[in-house]
Structures are given as structure tokens and as C-alpha cells.
Amino acid sequence: MVEDYPYNGRLSRWDEVVDGLAIVAVQALAEPFPFAPGQYATLGLVGESGKLIQRPMSISSPADDLSEYEFFIRHVHGGEFTPLLWQIRVGDPINIKGAKGKFVLQDDGRTCLFIASGTGLAPFMSMLETLIDRRERRDIHLLHGVSHDSDLAWRDRLTEIAQADLLPLAYAGTVSRPQACPNWDGLTGRVESVFEAELDRRGLTADNCTIYLCGNPDMISAVEEVATERGFPPEQVRKELYWPKGRSHGPPND
Ligand SMILES: Cc1cc2nc3c(=O)[nH]c(=O)nc-3n(C[C@H](O)[C@H](O)[C@H](O)COP(=O)(O)OP(=O)(O)OC[C@H]3O[C@@H](n4cnc5c(N)ncnc54)[C@H](O)[C@@H]3O)c2cc1C
């Protein structure tokens, strides 16, 4: 089945962050497509029924390097697409179509507060790396909520960006299962429960900040509710929901 379908890309990289969570890259075999940081591509693989199964995936790589498109993907057990993805190997064919989406940086001069749960970090990595490549400086605060500290992908790179002042970035991870993370001494709790204290600690208000939310829909609606109470207008709360609210599958992507 894989051979018969006219695939237009190949899997070029596979780095398993932890079991079931991978940073992967796909090369376009034909003319690469341009994208804006924050947009997504659609990946496709033919399933057992012979049908092409396609899913949107945020691009995590910088927009000025089209040699390959990078993604940060969770294996959803019982899902349709990701179990197929976990069966293929580097060099195998895959379909890629792009790019779409309105979850992009606003040119509003405000400080950005990026809040990601799990794989929702992907579009923010593209935004950060593209800003660095283009030598553009924006004040950015990034909160990444995960279950275990081992899920904090790009932790070293984000720490480096902040410490070397490649961007004015304040980065913090928060883990929701600290009892299983003996070496973790950072923030604890789900990102939606720590973000309000972080707003106050960092002096972020509706006057000076735009909030960008990506990942778990329950996280997004919880943050949105507080942001609205604090006077953030809808255009200052940008969001990318990875699946429909109330339809989480398996362990929460937190
Ligand atoms: C714009 C956009 C960008 C996206 N970017 C990414 C990305 O960068 N990385 C990524 O891993 N996913 C991303 N997703 C989610 C992705 O498109 C798929 O929904 C996901 O990979 C599951 O696909 P599946 O076919 O294996 O499972 P499906 O058969 O589609 O889903 C099975 C069930 O799992 C739920 N579900 C889907 N994803 C999760 C999850 N992570 N945790 C818990 N429950 C889930 C679904 O609502 C559904 O009920 C994005 C979605 C959108 C809309």
C-alpha cells in the first residue's frame, strides 16, 4: 500500500524525546512550500483500508529553512494516524501538504506570553527560531506544561536562548506529576493553574501583553476564562486547539 500511493515526502529524522513523544522531520520531495511560523502542515499515511489518513501538525522548524519540516508529535494510542506514523522508519515515504493556519505572531508591539501544553510547544519553537534567524527581538515569556520533566522537549535549547540572550526570553517548564520527577525543582502543577501567579510575578497585563495558547483544549479554555476576567480582549488571546474540547484520549497531554 505504501509503495502504491504517490507520496510526495520522506521521513528524514526521528528523535524520540521519551517513549511515545518524538521530534520528527519530513523532506518535501517536490518544490518545498513556504510557511509563516506558527502554521501547520498536513501529514498523511495510507492506512490498512487503503485510505489516506491525514492530520494537521504544527511545524516546529524555522520558516527560512525549507530543507525539511520538523514536528513534535505524541503517539495517541488507539488513534488513526499516529500509530501508522510510529510504524514507519527514516527514509520511508509520507505525504506532506502545507501550509495553513492563522496562529501566527501578531505585529502589535506587545510582550508575548506563550503557553503550551505538551506538543503545543511546536509552533512556538518555529516562532522563536525564526525570530533568532531574522535577528528580530520580541519580549517573550514561555510557559510549557507537561506531565514529567522528561517531556520538556527543547529544554536545553530554550535555556540556551534565554541565557545567551539570543532573544529576550523568560522560559519556565511546569510539571503536573512532580512526585514522579525526583530531580525536578521548578514549577509544579498544570500550566493553567500556575499561569495566573506567573502573570502577576512577571507584570503581564492586558495593557502590555498578548497571550498565545496552544495544545490541550481544556488548558486553553481555563486560561481564556481567567484572561477574560482580567480584561484581555479576544484579539489578545490567540489560540490553537489540537483536538475538540472534551475529546481527550488516553493520558492527558498536559
Ligand atoms: C492545527 C492543529 C495542529 C496540530 N499540531 C499537532 C502537533 O504539533 N503535534 C501533535 O502531536 N498533534 C498535533 N495536532 C493533533 C493531531 O492533528 C492529531 O489529532 C493527533 O496526532 C492524533 O491523531 P490520531 O489520528 O492518532 O488520533 P485520532 O484518531 O485523530 O484521535 C483519537 C482521539 O484522541 C484525541 N486526541 C488527539 N490528540 C490528542 C492528544 N495529543 N492527547 C490526547 N488526546 C488526543 C482526539 O480528540 C480523538 O478523540 C494538531 C491538531 C491541529 C488541529
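Helices (H or I, at least four residues) and strands (E, at least two) are DSSP runs, numbered from the N terminus. Within this pair, Thr174 has Leu187 of β10 as its bridge partner. Helix α3 packs on the sheet and touches β8 and β9, its direction making about 150° with that of β9. Contact here denotes C-beta atoms, placed from the backbone, that lie within 7 Å; axes are lines fitted to C-alpha atoms, for helices over the stretch in contact, and angles run from 0 to 180 degrees between N-to-C directions. The model is a predicted one, in which local features need pLDDT of at least 70, side-chain atom pairs count only at pLDDT 80 or more, and totals for chains, interfaces and linings use all residues. Residue numbers start from 1 along each chain as its sequence is written.

The sheet to which these strands belong is open and consists of six strands in the order β10-β9-β8-β7-β11-β12, with parallel pairing. Its edge strands are β10 (187–188) and β12, each of which pairs on one side only.

Helix α5 (residues 217–229) comprises 13 residues and reaches 18 Å from its first C-alpha to its last, close to the 18 Å expected at 1.5 Å a residue; the expected span is 1.5 Å times one less than the number of residues. Its buried residues are Pro217, Met219, Ile220, Val223 and Ala227. Seen down the axis of α5, these buried residues fall within an arc of 145°, so they line one face of the helix, the arc being that of the directions from the helix axis to the C-beta atoms. A residue is termed buried if 20 or more other C-beta atoms lie within 10 Å of its own, exposed if 12 or fewer, and partly exposed in between, with C-beta atoms placed from the backbone. The buried residues of α5 pack against β7 (111–117), β8 (140–146), α4 (191–202), β11 (209–215) and β12 (237–241). On the face turned away from the buried side, α5 carries the exposed residues Glu225 and Glu229. The helix is followed by Gly231, which has a positive phi near 90°.

Helix α2 has 12 residues and extends 17 Å from its first C-alpha to its last, close to the 16 Å expected at 1.5 Å a residue. This helix is mostly covered, with 10 of its 12 residues buried, among them Phe124, Met127 and Leu131. Arg135, in the loop between α2 (122–133) and β8, has a phi near 55°, a positive value in a residue other than glycine. Arg135 is exposed, with 8 other C-beta atoms within 10 Å. A positive phi of about 55° is also found for Asp165, although it is not a glycine. Asp165 lies in the loop between α3 (155–163) and β9 (169–175) and is exposed, with 9 other C-beta atoms within 10 Å.

A further open sheet of six strands has the order β4-β3-β6-β1-β2-β5 and antiparallel pairing. Strands β4 (52–58) and β5 (69–74) stand at the edges, each with a single partner strand, so one side of each is left without a neighbour in the sheet. The twist averages 35° from one strand to the next. Strand β3 (residues 40–46) is joined to β4 by seven bridges in the antiparallel sense, and Gly44 stands opposite Gln54 of β4. The two strands form a hairpin with five residues between them, and Gly50 in the turn has a positive phi of about 90°. Strand β2 (residues 21–28) runs antiparallel to β5, to which six bridges join it; Ile23 stands opposite Phe72 in β5. In strand β6 (residues 93–100), which contains Ala99, a cis peptide bond joins Gly98 and Ala99, with omega about -20°.

The protein is divided into domain 1 (9–100) and domain 2 (111–241), with bounds that come from an automatic or database domain assignment. The centres of the two domains, taken over C-alpha atoms, are separated by 24 Å. Their contact takes 17 residues from domain 1 and 15 residues from domain 2. On the side of domain 1 that touches domain 2, β1 (9–18), β2 and β5 each supply at least two residues. Strand β5 gives the most to this side, with four residues.

Note on methods:
Contact = placed C-beta atoms within 7 Å. Pairing = 2+ DSSP bridges.
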